[in-house]
Amino acid sequence: MPAYAILTTVSNQPGMLFGLTKVLADRAANITYVDIIQNHDREAEIYLEFSTDVSLEPVLEELRGVAGVSRVETTPSFSKIYGKRIIIMGGGAQVGQVALGAISEADRHNIRGERISVDTIPLVGEEELASAVRAVVRLPRVRLLVLAGSLMGGDIARAVEEVRQKGLIVISLNQAGSVPDVADLVVTDPVQAGVMGVMAIAETARFDIVRQQKRRY
């Protein structure tokens, strides 16, 4: 089915999401992503991505007729704008070096039509990092996680095992602790870790992460 993305401007009141999704459900549209943007000083915005076999224009007209909706417009989807995402987390210095490699490599692929974005969060502490690792799989379009630090283990390693079971690729820097033992790939040089992370998810690169499973560089 053709995929679409729309941005709606709505009154900040209960029932607006229901009204919009009911229209899409009645048209047998499959909603794949929803984001609500709260604006305290003006109307709220609701962004939706969906696919449907029916013509788009009648759907837009029906959405514009929902009480409380002031504007409906089509927009490029997040996947077309930002593409696949890499998350880098851990100690600030290591995160910065991994990001340097990832951004430099992503630039090469994005110039050729790929869309890869890089997100970072400097973070320390076992509980904080374990929670952040588990939350990564709830973020949209994330394909790969790089853990950059000097010591990670315990509950962080258990969190890595959980997200890998859900299909997330995890690269770890070569560091103390048990995280390197449970990651898909271990890389010593942080800049190279960022480069290899991008290559692992880029369609314009020839790099098979499956063939590198459990290797250390």
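Student: In this predicted model, is threonine 8 buried or exposed?
Tutor: The relative accessible area of threonine 8 is 0%, and the cut-off for a buried residue is under 20%. Threonine 8 therefore falls on the covered side of that limit, and its class is buried.

Student: In which strand is threonine 8 placed, and with which residues is threonine 8 in contact once its neighbours within four places in sequence are left aside?
Tutor: The place of threonine 8 is in strand S1, which covers residues 3-10. With the neighbours within four places in sequence left aside, the contacts of threonine 8 are with Leu20, Ala44, Glu45, Ile46, Leu48, Arg71 and Val72.

Student: Leu20 also belongs to helix H1; how do the axes of H1 and H2 cross, and why is H1 described as it is relative to H2?
Tutor: The axes of helix H1 (residues 16-26) and helix H2 (residues 56-64) come within 10 Å and cross at roughly 150 degrees. Because angles over 145 degrees count as roughly antiparallel, that crossing makes H1, relative to H2, roughly antiparallel.

Student: Which residues make the contact between H1 and H2, and how many of them are charged?
Tutor: On the H1 side the contact is made by Leu20, Val23 and Leu24, and on the H2 side by Val59, Glu62 and Leu63. When these residues are divided by type, five are nonpolar and none is polar, and the number that are charged is one.

Student: Where is arginine 158 found, and is arginine 158 buried, partly exposed or exposed?
Tutor: Arginine 158 is found in helix H6, which covers residues 155-165. Its relative accessibility is 46%, and values between the buried limit of 20% and the exposed limit of 50% form the intermediate class, so arginine 158 counts as partly exposed.

Student: How many Å separate the C-alpha atoms of arginine 158 and alanine 130?
Tutor: In sequence, arginine 158 and alanine 130 are 28 residues apart. With its neighbours within four places in sequence left aside, arginine 158 is in contact with Glu126 and Arg134. From C-alpha to C-alpha, the separation of arginine 158 and alanine 130 in space is 8.0 Å.

Student: For the chain as a whole, how many helices and strands are there, and what percentage of the residues is buried?
Tutor: The chain has eight helices and 10 strands. Among its contacts between residues at least 6 apart in sequence, 72% join residues at least 24 apart. Of the 217 residues in the chain, the buried share is 45%.

Terms used: Residues numbered from 1 in each chain as written. Predicted model: local features only at pLDDT ≥ 70, side-chain atom pairs only at ≥ 80, totals over all residues. Heavy atoms only, no water. Axes fitted to C-alpha atoms, helices over the stretch in contact; angles between N-to-C directions. Helix = DSSP H or I, 4+ residues; strand = E, 2+ residues; numbered from the N terminus. Parallel < 35°, antiparallel > 145°, perpendicular 65-115°, else oblique. Contact = heavy atoms within 4.5 Å. Nonpolar A, V, L, I, M, F, W, Y, C, P; charged D, E, K, R; others polar. Buried < 20%, exposed > 50% of the residue type's maximum accessible area, 1.4 Å probe, protein only.
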